[in-house]
Amino acid sequence: MSSEKSDKGLAIHRRWLGEDHVNASLESADDFTRPLRELVTKNAWGSVRVRDGLPLKTRSMITVALLVALNRPHKLKPHMRAALRNGITREELREMLLHTHAYCGWPAAVDAFRSAKEVLAETAKTR
């Protein structure tokens, strides 16, 4: 999987979601899922997230809001952790999630707040 885009993608993926998360993702890939993992690394991470047009903090805010809208809780927590790592404050996270209720509905916002509480509790323990 070595190419300039793949290498850049892997680097930003590690910075964004952390070594443990990325390593687990790579290790769990098998012959069936590896091609998808390679496309995601090369395209989503190596082509889109490395662009200069938006800072990582803004990209994190967009990603979290989209994951709330799409109801993807398994992806939401890691990206909330990444958002905090990319400079989102606790207050900004709360305001983002409050904002999502108007567009995504109360059930999505309530679930997102539940995930955020867990992530914030984990983060508080590691500080």
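Me: Where does Leu54 lie?
Reply: Helices are DSSP runs of H or I with at least four residues, numbered from the N terminus. Leu54 is in the loop between helix 3 and helix 4. This is a predicted model, where local features need pLDDT of at least 70, side-chain atom pairs count only at pLDDT 80 or more, and totals for chains, interfaces and linings use all residues. Residues are numbered from 1 along each chain as its sequence is written, and side-chain values use heavy atoms, leaving out hydrogens and water.

Me: Is Leu54 buried, partly exposed or exposed?
Reply: Buried means under 20% relative accessible area, exposed over 50%, and partly exposed in between (1.4 Å probe, protein chains only). Leu54 has a relative accessible area of 36%, so it is partly exposed.

Me: What about Val50, and which residues does Val50 touch?
Reply: Val50 also lies in the loop between helix 3 and helix 4 (56-70), and counts as partly exposed because its relative accessibility is 31%. Contact means heavy atoms within 4.5 Å. Not counting residues up to four places away in sequence, Val50 touches Lys8, Ile12 and Trp45.

Me: Which residues of helix 3 are buried?
Reply: They are Arg37, Thr41, Trp45 and Gly46. These buried residues pack against helix 1 (4-17), helix 2 (19-28) and helix 5 (73-85).

Me: How do I check the span of helix 3?
Reply: The expected span is 1.5 Å times one less than the number of residues. Helix 3 (residues 34-48) has 15 residues, so it should span 21 Å; its end C-alpha atoms are 20 Å apart, which agrees.

Note on methods
Helix = DSSP H or I, 4+ residues; strand = E, 2+ residues; numbered from the N terminus.
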